[in-house]
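Open the model in your viewer and keep the selection tool at hand. The tour goes from stop to stop, with a short note on what is there.

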Amino acid sequence: MSENAAPGLISELKLAVPWGHIAAKAWGSLQGPPVLCLHGWLDNASSFDRLIPLLPQDFYYVAMDFGGHGLSSHYSPGVPYYLQTFVSEIRRVVAGGVVGGMEMENLLTYKRRAIEHVLQVEASQEPSHVFSLKQLLQRLLKSNSHLSEECGELLLQRGTTKVATGLVLNRDQRLAWAENSIDFISRELCAHSIRKLQAHVLLIKAVHGYFDSRQNYSEKESLSFMIDTMKSTLKEQFQFVEVPGNHCVHMSEPQHVASIISSFLQCTHMLPAQL
C-alpha cells in the first residue's frame with residue numbers, strides 16, 4: 001500500500017475486460033452490502049478518497065475508473081466514449097445502472113463536430129505531453145474553478161504516471177470533449193427510464209454546483225425536469241437534498257454530505273430487497 005493510500009482502503013482491483021482492464025479501489029468490509037461509486041467526467045476513483053472514510057465501514061465500497069480515466073485501459077482506436085458504453089462497463093462490475101441525458105439544439109451539427117474531433121485526435125499520433133506537477137495542477141485549477149488545490153493534487157495522484165522527465169496524463173486524449181460522450185434523449189425517454197427505476201434514489205445537489213456556475217438555462221431546465229419527474233414517480237423512494245458547497249463538495253467538504261449518505265445507506269439497507 002502506498003503512503004498516499006486513502007484511509008480505510010483495503011485493495012486496488014483490476015477487472016479484466018475485452019479491451020484491457022477496469023481499475024478500481026475498495027474500502028470497508030468484504031462481507032458488507034456492496035456500494036458502487038462512480039466518478040464524474042475526467043475525474044477518477046480518487047474522487048471518493050476523502051468521503052468514503054466518513055461513511056459506515058460495514059459496507060463494501062468499490063470506486064471504479066471509467067474507461068480512459070484514471071488507471072483503466074483506454075478504448076481501442078475507432079471506439080468512441082459514450083455514456084451508454086460506460087453503462088456497459090458498470091454492468092461488467094455489478095448488474096444494473098441508469099444513465100440519463102439532455103436535449104440540445106443543432107444536434108446533427110454538434111455531433112458531427114464531436115466525431116471530427118475524435119478522428120483528428122486518433123490521426124495525430126502525437127506523443128503524450130510531459131508536464132511538471134506544478135504545470136498540471138495549474139492547468140487543472142484554471143479549467144475547474146470549483147476545485148481546490150488539495151483536491152486537484154488528489155485527482156492527479158491517480159490521473160498521472162511518472163516518466164523520466166516528469167508526468168503524463170493517464171486519461172485518453174479523446175476524452176477532452178465531454179460532448180463526445182453525451183447521449184441525447186428526449187424528455188419522454190428520460191421520464192420512461194425514471195419510471196423503470198426500482199431502487200431508492202438520493203440526489204444531493206450543491207447549492208453552487210455545476211449548473212449554477214453555467215449560463216445554460218436549457219441544462220438547468222433539464223435538471224429541474226428530472227428532479228420533478230423523480231419526485232412524482234418515485235414518491236417516498238426519492239430523496240432530494242441541497243447542501244452548501246460547489247460541484248466538488250464531496251471532495252472539498254465531504255462532511256457536508258457524509259451524514260446524509262450514511263443515513264441513506266443505512267435506511268435502504270434495512271428495507272426488503274427489490275427485484
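Start by selecting F59 and Y61, which are both buried. This is a predicted model, and the residue numbers run from 1 along each chain. How are the rings of F59 and Y61 set against each other: stacked, tilted or edge-to-face? Their centres are 6.2 Å apart and their planes stand at 40°. Planes under 30 degrees apart would count as stacked and over 60 as edge-to-face, so the F59 and Y61 pair is tilted.

Next, select Y75 and Y81. These two residues are buried as well. Their rings form a stacked pair, with 4.2 Å from centre to centre and 10° between the planes.

Over the whole structure, a search finds six aromatic pairs.

Now move to helix α5, residues 187–195. Which of its residues are buried? Select C190, A191 and I194 to see them. Turn the view until you look down the axis of α5: the buried residues fall within an arc of 95°, so they line one face of the helix. Then select E188 and R195, which are exposed on the other side of α5.

For the last stop, select R187 and F225. R187 lies over the face of F225, and the distance to the ring centre is 4.8 Å.

Methods:
This is a predicted model: local features need pLDDT of at least 70, side-chain atom pairs count only at pLDDT 80 or more; totals for chains, interfaces and linings use all residues. Side-chain values use heavy atoms; hydrogens and water are left out. Buried means under 20% relative accessible area, exposed over 50%, partly exposed in between (1.4 Å probe, protein chains only). Helices (H or I, at least four residues) and strands (E, at least two) are DSSP runs, numbered from the N terminus. The arc is that of the directions from the helix axis to the C-beta atoms. Rings of Phe, Tyr and Trp (its six-membered ring) pair if their centres lie within 6.5 Å; planes under 30 degrees apart count as stacked, over 60 as edge-to-face and the rest as tilted. A charge sits over a ring if NZ of Lys or CZ of Arg is within 6 Å of the ring centre and within 35 degrees of the ring normal.
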